[in-house]
Amino acid sequence: MARKKKAENKSEKKKLPLKRVVQNNLFMLKLIHKGAPFTILSMVLISVLEALTGFISGSYMLRFALNGINEGKSFSEIAGVLALSLIPIAVMMVVARWYWCRSYRMRMTRIKQYIFSRAYKKASEVDLSCYENPKYYDDLAKAIEECGNRAEAVNGSIEMLAYRIVNFSANFALLFAIDPLLLLFVLIPIAAVPIQKKINKVGYDKNMETTEENRRKDYSRRTFYLADYAKEMRLLDMPVFMLERFRASGERVVGIIKKYGFKMATLQYIMTECNEVIASLGAMAYAVWQTVGTGRMGFGDCLVVVNSIQNVAYSVTNSADTFLRFHDNALYIENLRKFFEYEEKIKGGDKPLPESGDIVLDGVSFKYDGASDYTLKNLSMRFGKNEKIAIVGHNGAGKSTLVKLLLRLYDAEGSITYGDEDIKDFDLTEYRDIFASVMQDFHIFSLSASENVLLRPMREGDEKTVAEAIEKSGLKEKIESFPRGVDTMMTKEFDKDGEVLSGGQAQKLAISYVYSRENRFVILDEPSSALDPIAEYEMYERMTEACNDCGMIFISHRLSSAVIADRIYLMENGEIIETGTHASLMEKNGRYAEMFRKQAQNYAEV
């Protein structure tokens, strides 16, 4: 059943109605025009002039010269006409080379830049759930990978179609003037159009399967050179394991090539036979027979036929192939278009944000798409505008999922309000901007230290803000030890003189973002996981002081950090099992008190 469904899905991808093919190609043409206006027009004009130039120099002038000799024209007369024709041909060749090597490449760079920019912007806007859906993530990867390629492919199809139409029309007229029966050989390749269509479909299937497998292979490859994996790759058996995965992916790619190779070779052989044997060689044999056997065709006309017939047959085949390529392009563009047309589920409203307020959860439950069980169950919580709230519990209790709901990365059942208004009614960007959040799986960017603090480019007057943020985070001495201070590049990916921070130092740099801006709420999801207990204590002291005028929500499995909180929520299996201050919970002597004493005992033993 699964195999049948997969085959049906693949069939749907291969067969697009004509209307959708046209729409998809027009969609790409619009993107091309927005990226670099008049690119299509200029490209078609150059292609038409190139086709005419090639016809005049390769067929028409050859026929003129040979017939001139047969007719007894003088050398000077023939040479004079040829010399005059060389002037516009030379000018056209210079213009064409300048256009393709300079103007067109510049335009294509702008077009790709525009399309990729739109794709990356869209990727930053789609719901977080899309990145956690393997099927959608595969489609996203294919769409972004094909952005630039499809723009150039559509351009190439139009350029080739314009060239072939002009080339075919000119040579068709010339051959018709020589002998109308020659056109029978010209039309033979049209019979092979269904074969070319089959070749395109097989090629698409092969590329889709190869793309998916190459993504797995590239992941294995990245683990060998990315710094994120360096320690594990040296201390564990991961190199052997990942190398096996890399080789296995490579073997599967080889298997895909084997799967489609014979079919592709057979189909391409049939196409070659139609084009080069039946059409070209057949027409040549007919022309030679008409010249030598019957004498109805002159030697000049015979040579023109020999020179032009393959070009004409090739134009017919490739014109048909070009139309099929529009269908081929449409198949790839379909991925990109669906990606661009994706409607986000998490949308904002237009209500203005209150000046301040509490965040209140009332009967909130949540489960991930495809999951059978709820991750969060009937939560009711309050986060006061100036309160310090700790959310504690073992891993898997649902703490990080709760943070995603507060940030509206997901929507849940029940009600979440800010200032007594449903958070769904606020503009999404404005609402999220009231939070400064530092996640456990934060990343240090290959940017300067100052840009990592601000998470945006430096502006005039930011120097003091960056300096204060770094000092409050406890990273001042380390940054000042760098030769270029806050201008030092983090990581060595693009700068051999860049600095690589330890885990704790990197966490302090990530936390410094909180100090660089005014916040209504600060969310720290396991912010001290890479810090030792003393550094953790100092960090919370500084953070509490910095958050005097805003709410602070910190997630932790270290209960020692919860002592300073105004209120503690203990979560287990997606539910709140206890709530209160540290003192009241210890007095209650329940689950929180039990966990706190065990952790305190571990610290004492250490």
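This is a predicted model: local features need pLDDT of at least 70, side-chain atom pairs count only at pLDDT 80 or more; totals for chains, interfaces and linings use all residues.
**Entry 1: ring pairs**

I started with a search of the whole structure for aromatic pairs, and it came back with 18. I picked out Tyr368 and Tyr410: their ring centres are 5.5 Å apart and the planes stand at 90°, an edge-to-face pair. Tyr368 is in the loop that runs between strand E1 (359-366) and strand E2 (376-383), while Tyr410 is in the loop between helix H12 (399-406) and strand E4 (413-418), so the pair ties together parts that are 42 residues apart in sequence.

Tyr368 comes out at 22%, which I noted as partly exposed; the cut-off for buried is under 20%.

I moved on to Tyr592 and Phe596. Their ring centres lie 6.2 Å apart with the planes at 25°, so this pair goes down as stacked. Both residues belong to helix H20 (residues 591-605), and the spacing of 4 residues is about one turn of the helix.

Buried or exposed, I asked of Tyr592? Buried, at 0% relative accessibility. Phe596 is buried too, with a relative accessible area of 17%.

**Entry 2: charges over rings**

I then looked for arginines placed over aromatic rings and wrote down two cases. The charged end of Arg150 sits over the ring of Tyr332, 3.9 Å from the ring centre. Arg118 has its charged end over the ring of Phe340, and there the distance to the centre is 4.7 Å.

**Entry 3: Arg325**

Last, I looked up Arg325. This arginine is part of helix H11, which covers residues 299-340. Its relative accessible area is 38%, so I put Arg325 down as partly exposed.

What does Arg325 touch, leaving aside its neighbours within four places in sequence? I get contacts with Ser157 and Asn200. I followed up on Ser157: this serine is 168 residues from Arg325 along the chain, yet the C-alpha atoms of the two are separated by 6.9 Å.

Methods
Residues are numbered from 1 along each chain as its sequence is written. Side-chain values use heavy atoms; hydrogens and water are left out. Rings of Phe, Tyr and Trp (its six-membered ring) pair if their centres lie within 6.5 Å; planes under 30 degrees apart count as stacked, over 60 as edge-to-face and the rest as tilted. Helices (H or I, at least four residues) and strands (E, at least two) are DSSP runs, numbered from the N terminus. Buried means under 20% relative accessible area, exposed over 50%, partly exposed in between (1.4 Å probe, protein chains only). A charge sits over a ring if NZ of Lys or CZ of Arg is within 6 Å of the ring centre and within 35 degrees of the ring normal. Contact means heavy atoms within 4.5 Å.
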